[in-house]
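The sequence and the coordinates are shown first.

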Amino acid sequence: MTEQMILRIEDLYKSFGDHEVLKGISLSLNKGETKVVVGPSGTGKSTMLNNINMLIPPDQGRIYLEDVDVTTTTDLTKIRQEIGFVFQDFGLFDHLTARDNVMIGLTRVKKMAGKEAAELAMLELRRVGLEKHAGQYPAELSGGQKQRVGIARALAMQPKLILFDEPTSALDPELIGEVLTVMKNLARDGMTMLIVSHEMGFARTVSDQIIFMENGVIVEQGSPEQLFNNPQQERTREFLFKLTDLYGEGGG
Amino acid sequence: MSDLLNIFSTAYPRLLEGLGITLVLTVIPMVLGTLFGVGLALGKIYGNRILSGFITVFIEIIRGTPLLVQLFILYFSLPPYGIRLSALTAALIGFTINSGAYQAEYLRGSIQSVSSGQLKAALSIGMSRWQGIFYIILPQALRRVIPSWTNEFIYLLKYTSLAYIIGAQELMGQARFVASRNFEFFKVYLIAAVIYLLLVLVLTAVFNRLERRYRIPGFDYKR
Amino acid sequence: MEGALVTLRLFIAGLGLGVVLGIPLAFGQIYGNKLIRGLIAVYERVLRSIPLLVILFLLYYGLPLLGIRFPPMVAAILGLGLRSSAYQSQIFRGAILSISESQLKAALSLGMTGIQAFFHIILPQAIRIAIPPFANEAAIVLKDTSLAYALGVIELLRQGYYVMTNTAEPLAVFVAIGAIYFVMTVSINTGLARVEKGLKIPGIGVEEGIG
């Protein structure tokens, strides 16, 4: 079995003013893998994701997408096309319908013909179960629907990897399930995903690996069984225990 | 610069007198205009259809025509009917009506932003409709309208300069007088500009401070 | 009726100048460095604090001192335009800033350049948001063209004044003048309201404040 490495992060550092958010993060992701990053809020998880596609450039460290160094690339827009990003607050374009939200990257960035882009957009909307809502504007969609459009928009670009930044944190509890289901299907279909999430049940059943981050460092990473049943660090055990208590096993 | 100071040192009694009239032309119409505006807004919202329609047309006409035209009507058009207003009186009346119409619209928006449940609640404890309006709705609406009111104050302060065109001796009128004597039009108007600028900056700062000091929790507004 | 045409010319040129200056000012306020932002803030503050009449006089009497001579009409247009640019800059800035940061990030994450993101994502929304306050500003500029009267520009009001001195009917004349202005302001408002409605998208611009 040949493992093809999609993403490799080496020794990432980032500070905002005096506040050091990331203190040497390294991790890697193989093709088809799903890894879930967990940890208390304010520990740099989101900053790390934003570093990966350079929405927030890191101070130090290297990020490789396959064999391209993202931090020094001269064609950042090309890299970003290959990295999907799903935002906590959706980031949908409010002046565009669901379909046009999915299309705009294809027509404007990939310069795809309108008809072809529309077909692809509908295909991706169907994949997230929203083909009936293609003509609606973001303001007319529920939070769960908005996030599914956000996922379809990322998928349409045919990325090598999708980053999810707390995709269900802004959702009402009853809407979380529909988004997690979509993500689970993606994992099953072999999409490569790096997910920041508090959904423990989801992390446990879907991820190949859970990464526990705290205070800007990775405390521990391993398979779900290992982290849940036999954590090496006391902090990991405490945190997972608390979080499972707080959020339950919901969505699993 | 020393030139400006020279001009100012000889002209300041007149300019200060003009400034006094400018302030009179601002403050009196603001006070009267507020009362007028409250009346218009209440009539528009709670009056019967005829009254409400009449007020709406009135407000739209005032807001849809230049203030200067309104001053001209008051000052130049009434003498044939035996009504001779001095420039100052015409300006006071014109500014009051104009400001009242604008304030009525701000207040209407503010009244309508107070939830209708409040009036229902007032009725439910046995108040009459007008009691509910005066004791419950209006106090809240007036607080919410304060930012618009202070804007309107600054706006009117600047527009009192129009009174000069019909001959009132406010700041601009006096500046004109001074300039027509020493022929330093630009420099005299520059001094007038600085006076207006300082006045507006100081008033804005004072209003902001007052708004902050008398803020009531839950009455934060979105501009 | 010539006066009405002059008034329209003042209005269009003044408002147009305001747009042409207001847009770069808004950009400078948002994307400029500290120095640029500070200068623009002072420019806006001063022009918003001085009565238009004073601005007109300063231009009319001041620029000849610098060796620039121009007719009152030009001074009036400059004054209206400069002052309006200070207000319009704020309108445009507010509209641009009201588009959420996450939409910009999302656009970049799709591989758009900053310029693409501005034109395809921010601008289409900002225009819609700016229309109601812009209509308001347009009506103000139209009404304030009457101040050109004070510079001797023969616009609608001054023409009315001349007519009045030749007839004994001042009330009829000025009411008629008022009616012409009224028709113009209402046309502007309904015209722009129609544009706004034509461009309407659910969820954009619904948060318009009171009044």
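## A nonpolar patch on chain B

Which residues make a nonpolar surface patch of about 490 Å²? The patch is formed by B:Val24, B:Val27, B:Ile28, B:Val31, B:Leu32 and B:Leu35. Patches consist of residues with over 30% relative accessible area and no salt bridge; like charges are joined within 9 Å, and nonpolar side chains (Val, Leu, Ile, Met, Phe, Trp, Tyr) within 5 Å.

B:Val24 belongs to helix 1 of chain B, residues 2–46. Helices (H or I, at least four residues) and strands (E, at least two) are DSSP runs numbered from the N terminus. With a relative accessibility of 38%, B:Val24 is partly exposed; buried means under 20% relative accessible area, exposed over 50%, and partly exposed in between (1.4 Å probe, protein chains only).

## Basis of the model

The model is predicted: local features need pLDDT of at least 70, side-chain atom pairs count only at pLDDT 80 or more, and totals for chains, interfaces and linings use all residues. Residues are numbered from 1 along each chain as its sequence is written, chains are lettered from A and ligands numbered from 1 in the order in which they are written, and side-chain values use heavy atoms, with hydrogens and water left out.

## Cavities

Rolling a probe the size of a water molecule over the atoms shows where empty space is left. A cavity is a set of points, on a 1 Å grid over the protein atoms alone, where a 1.4 Å probe fits but cannot get out; lining residues have an atom within 4 Å of a point. Grid points are joined across faces, edges and corners, and a volume is the space filled by probe spheres set on the points. The count is 4 cavities of 30 Å³ or more, and the largest cavity has a volume of about 80 Å³.

Chain B contributes B:Thr65, B:Pro66, B:Leu67, B:Asn98, B:Tyr102, B:Tyr155 and B:Tyr159 to the lining of the largest cavity, while chain C contributes C:Ile140, C:Lys143 and C:Asp144. At least two lining residues each come from helix 4 (87–113) and helix 7 (146–159) of chain B and from helix 6 (114–144) of chain C. Helix 6 of chain C gives the largest share, 3 residues. By class, the lining holds 6 nonpolar, 2 polar and 2 charged residues, where Ala, Val, Leu, Ile, Met, Phe, Trp, Tyr, Cys and Pro count as nonpolar, Asp, Glu, Lys and Arg as charged, and the others, Gly among them, as polar.

## Salt bridges

Side chains of opposite charge can pair when their charged atoms come close. Over all chains there are 18 salt bridges, each being a side-chain nitrogen of Lys or Arg within 4 Å of a carboxyl oxygen of Asp or Glu. A:Arg8 and A:Glu10 form one of them, at 2.9 Å from N to O. A:Arg8 is partly exposed at 29%, and A:Glu10 is partly exposed at 32%.

In A:Glu82 and A:Lys78, the closest N and O atoms of the salt bridge are 2.9 Å apart. These two residues are separated by about one helical turn, because they stand 4 residues apart in helix 2 (residues 76–82) of chain A. A:Glu82 is buried at 16% relative accessibility, whereas A:Lys78 is partly exposed at 40%.

A:Glu119 and A:Lys115 form a further salt bridge, with the closest N and O atoms 3.8 Å apart. A:Glu119 is exposed at 51%, and A:Lys115 is exposed at 65%. The two lie 4 residues apart in helix 4 (residues 114–127) of chain A and are thus separated by about one helical turn. Salt bridges with shared partners join A:Glu66, A:Lys78, A:Glu82 and A:Lys160 into one network.

## Positive phi angles in chain A

A:Glu66 is not a glycine, yet its phi is positive, about 50 degrees. A:Glu66 sits in the loop between strand 4 (60–65) and strand 5 (68–69) of chain A and is partly exposed at 26%.

A:Gln158, also a residue other than glycine, has a positive phi near 55 degrees. The loop between helix 5 (143–156) and strand 7 (161–165) of chain A holds A:Gln158, which is partly exposed at 49%.

## Chain C

Chain C has 8 helices and 0 strands. Of its 211 residues, 51% are buried. The C-alpha atoms of chain C fill a box of roughly 70 × 45 × 25 Å along the principal axes.

Methods. Accessible areas come from the Shrake-Rupley method with a 1.4 Å probe; for residues, only the protein chains shown count as cover. On a 1 Å grid over the protein atoms alone, a cavity is a set of points where a 1.4 Å probe fits but cannot get out, and a pocket is an open set with protein on both sides within 12 Å along at least five of seven lines; lining residues have an atom within 4 Å of a point.
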